[in-house]
Amino acid sequence: MPIDFFKQKNEIILRYIPDIGGDWIDKEFEKGKPVTIKKTFTFNQSDLVDNEEIRNDSAVALHFGPEFVYDFVFATRLKNGYYKVKNGVLIDDIDVFIDENVELAEKYFVTDLKMSIVKIVSGLTTNDFYIGGGHPFAISVEVYEDIIRQFPSYYERIKYTEARVASVLRNYLDEVKDAEKQYTSYLNNKLEVHSSGLVESFKAYEIDKYNRILARLKKILADEDSYSEKQWQSEILEIILLIYPKYILAFREVEIKKQIVGISGSKFLDFLLVDSNGNVDILEIKKPFGNAIMTKAKHRDNHIPLKELSGTVMQIEKYIYYLNRWGMHGEAAITKKYENKLPKGFLIKITNPSGIIIMGREIGLTNDQLQDFEVVKRKYKNIVDIITYDDLLRRLKFVIEQLGNNSI
């Protein structure tokens, strides 16, 4: 017979009707010993409730005999909306609390293989165990039921055993059933991945953030002439740091040393980007100035980069070269210079830095020019990411659409 739960006054009562009579329970109590039901629930005689109403229930008496109906006090109600399971009934080491609105069932505590779910959970955490309700550490009923589904069933145990035995037999016998494949297939179907909903909870915020960035970028592009070079760079830098959250810091006008035989001196980077691991990349921000990327005329049937673009790429490649040559000395020098702006113990690392160039517009470019520009970008892909302002606009729009909002 299954175990039932019901509420009586300020208590949860567990009702147990043995399949083959309950004289064994009476005998244990007569010896002064506790009884354990289904290898999970442990009760003393003092937990037993003498329920006269049940004993006089003719239907129960007819089917089972009134002497074989056992009601035990399982939990007591607290003032905070939880029932506290009596110590020792499920486990001694931690306290178990159940929200008053949870409808209890046997499956919440006992698996198909007569394993105590709470005992297994307690072996994985030392925290008290809350099922449902608003306690900060409570596990919702939905999550708890998902945990229950992860426990192996009798069928799963058989499949696991077959898989283990088959893996040995295959070394000695032909035509052995591929039980391992069947077991793996079973687990893949059972262990579905459930999202925590974290992305969904931040979706509205993310949509608003990217809409604001897109609106700001449109505004400054429409009013480009009112910004100085430095003001423009500051505006675009803020946008880049928001679009690329891998970068946690950006330093302006960073001095780097030339470590080349026969050549000395310094160069100054416009921006040095630092990611969360301390690795650095180089950023160059140029004002749009209309079409500053590809020639209108063709050279040998191809549009080629304008000097503004090719010169900036060359400049970035030199910076990367100087940084790599500077190496460990450069890491130490930059870390020391900016130690007041870095988290404690944070180290700058020069590990094959790459470059990002923000410049130019695509407005007015022909399809041929755009195709040749794509070839140029791919040529430098491993070293430099060339991003036009129109490309920035597209990326923002795609992000917003992906988040499910097409308002801009």
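Modeller: Searching the whole structure turns up 23 salt bridges, each being a side-chain nitrogen of Lys or Arg within 4 Å of a carboxyl oxygen of Asp or Glu. This is a predicted model, where local features need pLDDT of at least 70, side-chain atom pairs count only at pLDDT 80 or more, and totals for chains, interfaces and linings use all residues. Residues are numbered from 1 along each chain as its sequence is written, and side-chain values use heavy atoms, leaving out hydrogens and water.

Biologist: Okay, which residue does Arg15 pair with?

Modeller: Asp71, with the closest N and O atoms 2.9 Å apart. Arg15 sits in strand β2 and Asp71 in strand β6, 56 residues apart; strands are DSSP runs of E, at least two residues, and helices are runs of H or I, at least four, numbered from the N terminus.

Biologist: Is Asp71 buried or exposed?

Modeller: Buried, at 2% relative accessibility. Buried means under 20% relative accessible area, exposed over 50%, and partly exposed in between, using a 1.4 Å probe and protein chains only.

Biologist: And what does Lys38 pair with?

Modeller: Glu106, also through a salt bridge, with closest N and O atoms 2.9 Å apart. Both residues lie in loops, so the pair ties together parts that are 68 residues apart in sequence.

Biologist: Switching topic: how confident is the prediction, what's the mean pLDDT?

Modeller: The mean is 85, and 90% of residues reach 70 or more; pLDDT is the predictor's confidence in each residue, from 0 to 100. Helix α3 (residues 58-64) has the lowest mean among the elements, 51. Where pLDDT is low, the predicted coordinates should not be read in detail.
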